[in-house]
Amino acid sequence: MFSTSCELLDEDSALTTDTTDLEHSLGWFGSDDLSQVPFSISTNNLVSTTNSSATLPNSVDLVKYFPPIGNQGKYGTCVAWAAAYNTKTAVEAMDRGYTTSQLANTQYQLSPKDLFFNILDSQKGKSCGGTGFTSALDVLVKRGAAPLSDCLLYTSDAADEEDSV
C-alpha cells in the first residue's frame, strides 16, 4: 500500500495514478535535476568565525531543540505540523537558546493551526485540504506563525482529542 497525504492507494492504482492528481502527495514528481542536489559539503569554503582551524563534528544531535511530538488528528495538516510546529519551532529554539522545559510550553511552540488557516484555500488539496511545503514556507516567511498558546488546536466543544488540526 502507498499512502499520500490525503488518501490511501492500493499498490496498482498508486503506480498508474497521474501525478497531476497528486499535487500535494509525496512531494517529489521525479522531474528534479538530481545533478543539482548536493550530496556532500566541502569544508574548504566554510568561513570560520574564529581564527582556529576547528573541524566539523561527525554528527550533531538536534533533538533537544524540537518540541514534544504532536498529533495532527484526522486532518490534512501534516505540512503545517512539519513546517511550523516542528521545524520553525526548532529553528527558533536554536536561535534563542530555548531549553527542553521551555519547548514543552505552548508559548514556545508555533501553531500548525495558525499556519494552516493562513494558507490560501486555492493552495490546498481537493479531498483533505492538505498543502505543500512551498505554500507553507511562503506564509512563514511573510507573516510567521502565532505561538500555540495563542492559537490552540482544540476547541472547548471538541468531541474528542482526535479532533486536532
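Me: Before we start, what does "buried" mean here?
Reply: Buried means under 20% relative accessible area. This is a predicted model, and by that cut-off buried residues make up 28% of the 165 residues in the protein.

Me: OK, the fold. How many helices and strands are there, and in what order do they run?
Reply: The protein has 5 helices and 2 strands. Going from the N terminus, the order is β-β-α-α-α-α-α.

Me: Tell me about α2. What does it span?
Reply: Helix α2 covers residues 78–96, so 19 residues, and reaches 25 Å from first C-alpha to last, close to the 27 Å expected.

Me: Where is the kink in α2?
Reply: The kink is centred on Thr 87 and comes to about 30°.

Me: Which residues of α2 are buried, and what covers them?
Reply: The buried ones include Val 79, Trp 81, Tyr 85 and Glu 92. Their cover includes α3 (100–103), α4 (112–117) and α5 (133–142).

Me: And what follows α2?
Reply: Gly 97 follows, and its phi is positive, near 70°.

Me: Switching to cysteines: how many disulfides?
Reply: The structure holds 0 disulfides.

Me: Why does Cys 151 count as buried, and why does Cys 78 count as partly exposed?
Reply: Cys 151 counts as buried because its relative accessibility is 18%, under the 20% cut-off. Cys 78 is at 30%, so it counts as partly exposed.

Definitions and conventions: Residues numbered from 1 in each chain as written. Predicted model: local features only at pLDDT ≥ 70, side-chain atom pairs only at ≥ 80, totals over all residues. Heavy atoms only, no water. Disulfide = S-S within 2.5 Å. Buried < 20%, exposed > 50% of the residue type's maximum accessible area, 1.4 Å probe, protein only. Helix = DSSP H or I, 4+ residues; strand = E, 2+ residues; numbered from the N terminus. Expected span 1.5 Å × (residues − 1). Bend = angle between axes of the 7 residues up to and from the residue. Contact = heavy atoms within 4.5 Å.
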